[in-house]
Each structure stands twice: as structure tokens, then as C-alpha cells.
Amino acid sequence: MRIGELARLTGVSARLLRYYEEQGLLQPARTPAGYREYQEEDTVRVWQIRSLLAAGLPTRIIVELLPCATGPVPVLEACPNLLATLRGELADLDARIDDLTRSRRALSHYLATARAPCAEQAA
């Protein structure tokens, strides 16, 4: 199938499918005229990519995980380094959440303790 049909079947734009190819997530064959040719299993691959992106994983990690993925949701098999990679991403996410929580607390404090506008700011 061509890129337009894959886009229609998956709900992902052709532009995004080309981006996935650039990132090494999709590897379509090429016709002699240079058109991309996708297989039926590429629809599942796109759903896997979308699901892993929704989990917050960057494409550089997804390209490592895809060989371990089965099914559209996907289920990840215990490939080498899979658990260490996922644990590392989870630790990074936890650190970002901690940073955002501290920022939220500080902003909330500033809002709670804000005074009435200064006379010169009100003018």
C-alpha cells in the first residue's frame, strides 16, 4: 500500500509517517519510481509507535523497543536491555515530575502571598 492509504488506515498524517521513517521507526520498501510501499504489518507498527509515544517515550527509545513489541497495544517482550531502558525512562520522568511539583508549589506560594498591585503598576 502507498503512504496515503497507510495514513487513512492509521489516522496518522503522511507527513508524520515520513518523519517516522526518518527516525528509523518505519522502513518501507521503494518502487522503481521511488514511491514508498508499506505492508499490512506496518499498520500495527504505526499503532505501536503511537502507543509508545503516548506513554511519553522519545523516538530514540522507541526505535530500540519496536523489535520487542507485539500487537497493536503493544506487549513488550523481555529483549536485552529493555527493562533497563524502561527503568531509566521512568526515573527521568519521575525527576521531571518532581521538578514540576517544586515549581508548582513555588508558584502557588507566590499566588497565595501576592499583595495588592503597587500604585505605580496600577496606573
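How are H1 and H2 oriented to each other? I looked this up in a predicted model, in which local features need pLDDT of at least 70 and side-chain atom pairs count only at pLDDT 80 or more, while totals for chains, interfaces and linings use all residues. Residues are numbered from 1 along each chain as its sequence is written, and side-chain values use heavy atoms, with hydrogens and water left out.

**Entry on the helix pair**

I took helices (H or I, at least four residues) and strands (E, at least two) as DSSP runs numbered from the N terminus. Helix H1 (residues 3–10) packs with helix H2 (residues 14–22) at an angle of about 105°, and their axes are 9 Å apart; the axes are lines fitted to C-alpha atoms over the stretch in contact, with angles running from 0 to 180 degrees between N-to-C directions. H1 and H2 are therefore roughly perpendicular to each other, a term that covers 65 to 115 degrees.

I then listed the contact (heavy atoms within 4.5 Å), where Ile3, Leu6 and Ala7 of H1 meet Ala14, Leu17 and Arg18 of H2.

**Entry on the disulfide**

I found one disulfide, counted as a pair of cysteine sulfur atoms within 2.5 Å. The bond joins cysteine 68 to cysteine 79, S to S 2.2 Å. Cysteine 68 sits in the loop between helix H4 (59–65) and strand S3 (69–70), and cysteine 79 in the loop between strand S4 (75–76) and helix H5 (82–113), so the pair ties together parts that are 11 residues apart in sequence. The link of cysteine 68 and cysteine 79 is left-handed, with -140° about the S-S bond.

I also checked accessibility, with buried meaning under 20% relative accessible area, exposed over 50% and partly exposed in between (1.4 Å probe, protein chains only). Cysteine 68 counts as buried at 4% relative accessibility, whereas cysteine 79 is partly exposed at 23%.

Key:
Parallel < 35°, antiparallel > 145°, perpendicular 65-115°, else oblique.
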